[in-house]
Amino acid sequence: MAPLQNINDIERIVFSDPITAKRWCAPLLAHARAEHDVETLVRAATLLSLIEDQLGERNEGSLLLAEALACCQMYGLRHLEPAVQERLGRDHYTGGDYRQAMQHWAQCTRLCGDESQHTHTLALALVGLGQVCSAYGAVEMAVAFHKAADRRLANSEDVHLIAKVKISLGWDLHVLGREDEARTILVQALELCRARQFSHFQAELLLRLAEVDMEQGDPDTAEQRLEEALSLLVFTPSHWCETQVLGLLARLRFQHGRPDLAISMIQRALHIAEVDGMRHVEARLLADLIRYAEAGGNHALAQTHHARLRTLKQGLDEAIGTGDLSELGMLESVMARFTP
C-alpha cells in the first residue's frame, strides 16, 4: 500500500482510535526517513504531532515538527508548511510559550491565504490566535478570531473542527459574562457531537458547560457533568481536559468541606500536567493545591509547593512577555483580513 494511502488511513482514525493511529504512524515515519521520502516524512511528522496531542502526550512531536519545517523550507514544500506551522503553534501554546505560538499561527494564516485546500488549517490557526488573545486577556479580540474561524466553516461537515471552534467561542463568551450565549453555543456543539457519534470533544464540552453551571449557581448539575466527562475520558483520552475536570471536581470537594479529597484530586491532575509539560495548567493547579492545603491545616505541604509556583510563574511571565496588549499588535493585520 502506498505511503500516502497509509497516511489517509491514519487520518481517519486519529480521533476515534489515536493509540492505533500512533502505532501505525511511527513505522511510516521511520520508513519515509530511511527512503528519503521528504513529503511523506513531513506529513507523517505533522500527523504524529496531532496524534500525540489527542493522547495528551508531549514526546517527540516538538523535534519532529522542527525537522518537518526545515524540510518544507529546504525542499520548497509550500503546500505542506501551513499545517506544520499550525502544529508548531499548538505545541508552543501547550507548553505555555504564547509568543512563539502567536508567531507560528500568524505565519500559518499568511501561508494559507485564500486557498480552499487550507481552509481546515486556517480555521485551526484562527482558533489558536483567539486562544492566545484570551491568554493575554484580550477576550473581545479572541471572540473576533473565533467567529472568523466559525465563518470559514459555514459549509463544512467537519464535526471535529466545528466543535473545536464552538468550544473556544463558548468559553470566551463565558469569560465575558455572556452565560446564556455561551450555554447555547456549547449545547449546540454537544448535541452535534452526540448526533454524529463523535465522542472526542464531548468531555470538554461537558467541562465547559459545568463551568457555566457553577457560574450560575448550580453546583449539583456541574458535578454531574464533570463525573460524566471523567467517565468519557477513559475512552477518549485528553490529558488537558482531564486536568481541568479534576481541578473543578477538586474545587467542588473543597466547597463541600473536604479539603483532603480536593488535595488528592489536585495532586492527580498535577502529575498529568507535570509529565505533559503543561506549565500554565500546572501553575493554576499548584495555586489551588496551596490554598486547599492551607485551609486544611497542612502548612508543610503548602510551603513545599510555594517555591515551585514562584518558578513557574516567572517562566510563564517570560513566555507571555509583559502581558501588555501592545504585544498583540502583530495580529492587527491578521484580524483585518478576516473581520468583515
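**A note on two helix pairs**

1. Val-42, Thr-46, Ser-49, Leu-50 and Asp-53 of helix 3 touch Ala-83, Val-84, Arg-87, Arg-90 and Thr-94 of helix 5; contact here means heavy atoms within 4.5 Å. By type, the residues of this contact are four nonpolar, three polar and three charged. Ala, Val, Leu, Ile, Met, Phe, Trp, Tyr, Cys and Pro count as nonpolar, Asp, Glu, Lys and Arg as charged, and the others, Gly among them, as polar.

2. A word on the source: this is a predicted model, where local features need pLDDT of at least 70 and side-chain atom pairs count only at pLDDT 80 or more, while totals for chains, interfaces and linings use all residues. Residues are numbered from 1 along each chain as its sequence is written, and side-chain values use heavy atoms, leaving out hydrogens and water.

3. How do helix 3 and helix 5 pack? Helix 3 (residues 38-55) and helix 5 (residues 81-94) meet at an angle of about 30°, their axes 10 Å apart. Helix 3 and helix 5 are therefore roughly parallel (an angle under 35 degrees). Their crossing is left-handed.

4. Now look at helix 11 (residues 202-215) and helix 13 (residues 239-255): their axes come within 10 Å and cross at roughly 30°. Helix 11 and helix 13 are therefore roughly parallel too, and helix 11 passes helix 13 in a left-handed crossing. Among the residues making this contact are Leu-207 and Met-214 of helix 11 and Trp-240 and Leu-248 of helix 13. The contact residues divide into eight nonpolar, one polar and four charged.

Note on methods. Axes are lines fitted to C-alpha atoms, for helices over the stretch in contact, and angles run from 0 to 180 degrees between N-to-C directions. Helices (H or I, at least four residues) and strands (E, at least two) are DSSP runs, numbered from the N terminus. Angles under 35 degrees count as roughly parallel, over 145 as roughly antiparallel, 65 to 115 as roughly perpendicular and the rest as oblique. A crossing is left-handed if the near helix is turned anticlockwise from the far one by less than a right angle, and right-handed if clockwise.
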